[in-house]
Structure formats: structure tokens, C-alpha cells
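Look at the chain below and follow how its parts pack together.

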Amino acid sequence: MIELEGVPELVDPVMVAAFEGWNDAGDAASTAVAHLDKEWKGEVFAALDAEDYYDFQVNRPTVFLEDGVRKITWPTTRLSVVRVGGDKPRDLVLVRGIEPSMRWRSFCNELLGFAHELGVELVVILGALLGDTPHTRPVPVSGVTSDPDLATRMDLEETKYEGPTGIVGILQEACTHAGVPAVSLWAAVPHYVSQPPNPKATLALLNRLEDLIDLRLPLGELAEDARAWQLGVDQLAAEDSEVAEYVQTLEEARDTAELPEASGEAIAREFERYLRRRDPGAPPGAGSHATDGGDGSPYLRDNPTGKSRPSKPPRPDTDTDDGDGDGDRDE
């Protein structure tokens with residue numbers, strides 16, 4: 001049974017979902033939703049029954065002490081709501097959890113039941129996959145949908161993927177069959193440095209989400225974290241000549257393939273975002289320095305310079321499952 005007592009009537013609500021697991025390389029997608037929930041102080045109003053969807057031998061519950069009393073946190077999926085004011089008020093329903101172990105159709109139907117009751121007008125599902133992309137370049141983020149009309153209207157790709165899929169792909173198809181507009185945003189994470197966290201990929205997903213729903217998002221310290229992450233990987237890659245050579249090969253392939261992206265619409269989008277964030281009349285709590293390098297210049301997400309580095313930067317890992325970057329985890 002769906003209980004929504006106490007949830008206010010929402011304004012043009014958008015549901016944004018991400019799930020830990022197979023569709024979450026570098027934890028980039030789940031971290032993006034967790035970041036929004038933290039920055040906007042989301043209020044949890046529902047949690048799915050863990051008994052229905054999770055194998056506790058795969059996703060273990062955790063025990064903790066609170067005021068001397070032992071309590072248990074069960075792995076599940078939680079829904080929270082955030083109220084966004086400003087010139088264009090719009091509410092977000094944030095869905096964050098773990099890819100379920102069983103009963104995926106019932107899981108999706110329950111989430112769609114919440115979406116229907118709350119009047120959700122669009123579902124955006126975030127995902128991240130491993131790919132042949134260099135860490136020194138902007139993170140590729142693709143937007144896909146199963147709805148041809150939505151693809152045309154929002155300038156998205158109509159998905160043509162065939163193969164094994166995860167909960168992101170299943171939920172998107174469930175939305176399509178239920179007549180709910182749904183989009184998946186996928187960030188490509190370098191397969192040679194796949195361990196979490198990856199703040200650069202998280203930042204890229206949120207920037208793409210911001211463009212998609214036309215709502216300024218609070219990015220907080222993510223830009224600084226992304227710079228530090230890239231510096232750390234730069235330094236570690238430089239210590240291994242084979243990795244450095246491999247990264248250079250990826251850079252050359254990327255630059256050759258995406259040369260047209262260096263002009264026109266891509267630059268216009270970035271410049272518009274920069275101007276929006278410099279607007280002193282913008283609504284509060286939106287992370288005014290998120291795309292500003294601190295000296296008045298925009299941070300374009302591929303800046304290889306910075307003044308800090310992570311205390312424990314991830315080591316490049318050339319031992320991957322396939323490393324072919326064919327997108328076999330993308331849905």
C-alpha cells in the first residue's frame with residue numbers, strides 16, 4: 001500500500017533516481033542523487049520494504065548503536081522530496097537505493113505508483129558505465145530514451161541498445177509502457193580508474209541533469225573535488241609509463257572523434273551555464289562557485305590544473321573485465 005500522508009502538493013515534479021550496483025560505475029550516479037539529497041536537505045517520505053526486493057546475503061544489513069541501543073539499517077530504496085524555489089519553482093522526488101535482487105517488475109511498479117500519486121511529469125534515471133575514455137577529458141554523458149517523441153522534443157538519443165540490462169533499463173522501459181516520460185543519463189567512467197568515488201563523473205551527470213530539467217542545481221564543492229581527483233590520477237598515471245602511454249592513446253582517439261564538439265552548440269551550452277552561475281540574482285543555495293575556478297574564470301570540467309589533490313587518490317587499474325568501452329553495462 002502506498003502511504004503519502006504529509007507529502008505536500010508538488011509543483012511540476014521530476015523524479016530523479018539512481019541505484020548502487022551494476023549501473024553505477026565509480027558510484028557516480030548514486031553519489032549524484034545523494035549529493036542533491038544532502039544539499040537540499042531532502043525529507044524521506046517512503047521506503048520500500050526490504051524483504052520484498054533484497055537478498056540479505058548479497059546486501060547485508062548493518063548494526064549500529066544509538067544512545068546505547070543497538071539498531072539495524074536494512075538495505076532498501078528510499079524516496080525523498082525537495083522543494084526548489086526561485087523564479088521557476090519545481091520540486092524533485094529523489095529515489096536512491098540499491099539495485100534489487102529480485103522481483104524487478106514489482107519494484108518498478110511500486111516506484112511508478114509513487115510517481116503517479118505525486119503527479120510526476122518526468123522520470124530521469126542516472127547511470128554510469130565503464131568506457132574507453134581518458135580521465136583528462138570532459139566526461140561523456142549521453143541522454144537516451146525509448147520514446148521517439150521525447151527524443152525529438154528534448155534532443156536525446158533514441159536507445160538502440162540490445163543485450164543484458166540492469167534496473168536502469170528495466171525502470172525506463174516500465175515508464176515507457178506506463179506512459180510516463182523517462183530519460184536515462186549515462187556517464188562514461190575511465191575503466192582504468194573505476195574505483196569510487198569519481199566526483200568528475202558525478203559533476204558531469206549533474207550538469208547534464210541541470211540542462212535537461214532547466215533547474216539550477218546546488219553543486220557545492222564538486223568542482224574542487226573533481227580537480228583534485230584529476231590531479232591525483234594525473235600524478236599516479238605519470239608514475240607508470242605504460243598507463244601514461246595508454247592515456248595518451250585514448251586522448252588522441254577522443255580528440256579525433258569529437259573534434260566537431262569543440263565548437264558551436266557545445267561551447268554555447270557551457271557559456272550559458274557559466275553566465276547563469278554568475279548571475280547575482282540567482283536563487284540562494286545553488287553553489288555559486290560550482291563552475292567558477294575562484295578567479296572569475298569558468299571551470300569547464302576538463303581543467304587539468306588545480307591546487308589540491310585527494311588524500312588517497314585512486315590508483316589506475318589496468319585489470320578490468322573487458323575494457324572494450326562498448327557500453328555493455330549501459331543498460
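## The largest nonpolar core

In this predicted model, the largest nonpolar core has 40 residues, and those that touch the most other members are Leu92, Val124, Leu126, Leu209 and Ile213. Several elements supply at least two residues each. The strands that do so are strand 1 (14-20), strand 5 (78-84), strand 6 (90-98), strand 7 (122-131) and strand 10 (182-190). The helices are helix 1, helix 6 and helix 7 (222-238). Helix 6 gives the most, with eight residues.

Leaving aside residues up to four places away in sequence, Ile213 touches Val14, Arg90, Leu92, Leu122 and Val124. Leu92 and Val124 are also among the core residues that touch the most other members.

Another core lies apart from the largest one and has 38 residues. Its members include Ala46, Ile98, Ala115 and Val168.

## Helix 1 against helix 6

How do helix 1 and helix 6 pack against each other? Helix 1 covers residues 28-39 and helix 6 covers residues 199-213. The angle between them is about 65°, and their axes are 8 Å apart. The crossing of the two helices is right-handed.

On the side of helix 1, the contact is made by Ala28, Ala29, Thr31, Ala32, His35 and Leu36. Helix 6 contributes Ala201, Thr202, Leu205, Leu206 and Leu209. Of the residues in this contact, eight are nonpolar, three are polar and none is charged.

## Ala34 in helix 1

Ala34 is part of helix 1. Is Ala34 buried, partly exposed or exposed? Its relative accessibility is 23%, so Ala34 counts as partly exposed; the cut-off for buried is under 20%.

Ala34 and Leu94 are 60 residues apart along the chain, while their C-alpha atoms are separated by 8.6 Å.

## The chain as a whole

The chain contains nine helices and 10 strands. It has 331 residues, of which 48% count as buried. The chain exposes about 16700 Å², and carbon and sulfur atoms supply 49% of that area.

Contacts can also be sorted by how far apart the partners are in sequence. Among contacts between residues at least 6 apart, 80% join residues at least 24 apart.

How values were computed:
Residues numbered from 1 in each chain as written. Predicted model: local features only at pLDDT ≥ 70, side-chain atom pairs only at ≥ 80, totals over all residues. Heavy atoms only, no water. Helix = DSSP H or I, 4+ residues; strand = E, 2+ residues; numbered from the N terminus. Buried < 20%, exposed > 50% of the residue type's maximum accessible area, 1.4 Å probe, protein only. Contact = heavy atoms within 4.5 Å. Areas by Shrake-Rupley, 256 points an atom, 1.4 Å probe, with all protein chains shown as cover. Axes fitted to C-alpha atoms, helices over the stretch in contact; angles between N-to-C directions. Left-handed = near helix turned anticlockwise from the far one by under 90°. Nonpolar A, V, L, I, M, F, W, Y, C, P; charged D, E, K, R; others polar. Core = buried A, V, L, I, M, F, W, Y, C linked by side-chain atoms within 4.5 Å.
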